[in-house]
Every structure is written in structure tokens, then in C-alpha cells.
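Please consult the sequence and structure shown here.

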Amino acid sequence: MESIQRQRRPGRPRVRPLTAAQRAARAAANGGEPTLEPGGRTPYDAYVHASTLHRLQQPLSQDPGEMSFLMVSQIMELYFGLTCFELREARRLLRTDDLWGALAPLHRAALHLEGLNAAWRGLRWMTPADFNRFRNLLGEGSGFQSAMYRQLEFLLGLKSATLVRPFHRQPQVHAELVEALGAPSLWDEVTALLARRGYALPDTLLHRDFSADSDSGSGPSEELAAAWVAIYADTGPDNHLRQLGETLVEIAEQFDDWRHQHLKAVRRTMGAKVGTGGSAGAAWLRRSMAREVFPELWAARTDM
């Protein structure tokens, strides 16, 4: 807890660390009742900023169903950001050859994606009539314009320069996306790790333009798929590369589940209508689902 003060950001309220003995003394003095500091914000709100979070919902209509749509969208944005945070940490650790350390944030990322998928349940009540009551008020606003979702796609290796263009009027967001587009993805760092571990991989995988469209290649790399076949052949408990592969498969499956649930939600509420942001709606989502995450992990399974 002492590290909270050292790392406190400018302008944030000071959080006073408590020892276990101090907590026990306070609990005894209050008869087991929770303690709320008198005057000003509670320590909980100072840390979580709950009062700020609950002021961020600003519906455009009087329709009560819009609140569900808006808040679930915000929850998904938070999950996008959290998953990106974990994947960046895993990427950093893999870059330094800390494979064991990278497994923890990758496992957390898979669990966050599971929570992200669960958020769709809060919108299963919505019919086309329900959505139409406030849809026109959204104008050209669309989930297609989520910068954090694009960051997540780029981290997973789904690169496309075209998808950066909608953000050109937001200079900072655009610059961050351009940087992410040109940086090695998590999958690129995994591939580089395998090369450092002695697996024979072509230079075209290791030294290339990382911003290249992920659909522009000739399919999964046979050499990389073969490396994963060899990794999975060792079923011993100390084979951390195999554990890495299975954790990545879980992430890929959870991400695919989110894309599939997105498609189902669009079909449920819009049918085959054009998307709010001008996309082809369900048809566009079907095409995007064809872009596979970690393709060599799936190709390898044929030869295992």
C-alpha cells in the first residue's frame, strides 16, 4: 500500500496507507461496522472514481432502454482497454524472454474477454423496434469507430491501415493507432521468441513491415505451424511454450466468441440493414470474422 503514495499521479487525492493493526483497531472501535471518513469523498470513491463513472451516461432520448445500450457499450470499452493493458504487458515480457511471467497477464486477458462476452447478455432483450426508438439519434456514431477495439485488433495481429482513417480528426488517437499499427503485435513477439528458442523460422516473418495488412499474406506460415507442432509434441509439465500456445488459443476463442455475439446482436436488432456508421452491417461483420487470430496455432492442429 505504501507504493500508492509514491506512484500517486498529480492531482489525485492522497490515500493514507493503513497497516493490518490499524485496520483491526478501527474495526474494533466501530463494532465491526464499515468506516466512512467524515468530510469530503470516501476513500473508495477517491480510488475508484465511482461518482465520476456514474455521471458519464448521457442518453440522447427519453427511452429507458437506451441506458442499457449506452452503459453496456461503455462497459465493453473498459474491457477493451483492460484487455489491451494485459496484452501489452505480456508482449513486453515476451520481448525480454520472460515467458513464465507473460503467462499471467495472458491468462487474465482471456478472463477479461470472457467478461466482455458476458456483457452482451445485457442487450439480448433488444428487438428492432426497441433499437429504432433511439437509433436515429446516434447519427453516424457506431461501434466501428471504437479506437480501443482497433488497438485490441492490432495487438492480436489483425492489422489494416484502412481502419485507422476514421480517426484522422482526433490527432492523438490517430497517432496512437498509427504507432500500434506499425509496432510488432503480440503474435509477432511470440514468433520472435520461438526463433530465439531455436525454431527455424524465415526472415520474412521476423523482419518485415509490421503494419502490413494481415489479409495480404499467402496464408499461415508452414514453418511457424511446424514449430507449434513440435512444441505440442512435448507434453511434459515444464513445457511452458505449450502452455503459452494453449493460453493464446483461449484468447483467440474468446475473441472469436465476441465477434460472433456481435454479429448475432446486429442480426437480432437490425437484420440486414446498413450499419449505423455506414458499414454493411451484418455482412461486414461476417467478412471481418474471416480474419483469423493466431492462424498458425490453428493450422498446426491439422498435423498434430
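Buried means under 20% relative accessible area, exposed over 50%, and partly exposed in between, with a 1.4 Å probe and protein chains only. This is a predicted model, in which local features need pLDDT of at least 70 and side-chain atom pairs count only at pLDDT 80 or more, whereas totals for chains, interfaces and linings use all residues. Residues are numbered from 1 along each chain as its sequence is written, and side-chain values use heavy atoms, with hydrogens and water left out.

Q: Is Asp 63 buried or exposed?
A: Asp 63 forms a salt bridge with Arg 133, at 2.8 Å from N to O; the term denotes a side-chain nitrogen of Lys or Arg within 4 Å of a carboxyl oxygen of Asp or Glu. Arg 133 has 48% relative accessibility and is partly exposed. The relative accessible area of Asp 63 is 16%, so this residue is buried.

Q: Why does the pair of Arg 133 and Asp 63 tie together parts that are apart in sequence, and by how many residues?
A: The two side chains meet in a salt bridge. Helices are DSSP runs (H or I, at least four residues), numbered from the N terminus. Because Arg 133 lies in the loop between H7 (128-132) and H8 (147-156), and Asp 63 in the loop between H4 (50-53) and H5, the parts tied together are separated in sequence by 70 residues.

Q: Which helix holds Arg 95, the partner of Glu 189?
A: The side chains of Glu 189 and Arg 95 meet in a salt bridge of 2.8 Å, N to O. This pair links distant parts of the chain, 94 residues apart, with Glu 189 in helix H10 (residues 186-196) and Arg 95 in helix H5. Glu 189 is buried at 6% relative accessibility, while Arg 95 is partly exposed at 43%. The helix holding Arg 95 is H5.

Q: What distance separates the closest N and O atoms of Glu 153 and Arg 150?
A: Both residues lie in helix H8, 3 residues apart, about one turn of the helix. Glu 153 is buried at 3% relative accessibility, and Arg 150 is buried at 2%. Their salt bridge has its closest N and O atoms apart by 2.6 Å.

Q: Which side chain of opposite charge is nearest to Glu 296?
A: Glu 296 is found in helix H15 (residues 295-299). Lys and Arg count as positive and Asp and Glu as negative, with His and the chain ends not counted. Glu 296 is buried yet has no salt bridge, and at 8.7 Å the nearest side chain of opposite charge is Arg 208.

Key
Helix = DSSP H or I, 4+ residues; strand = E, 2+ residues; numbered from the N terminus.
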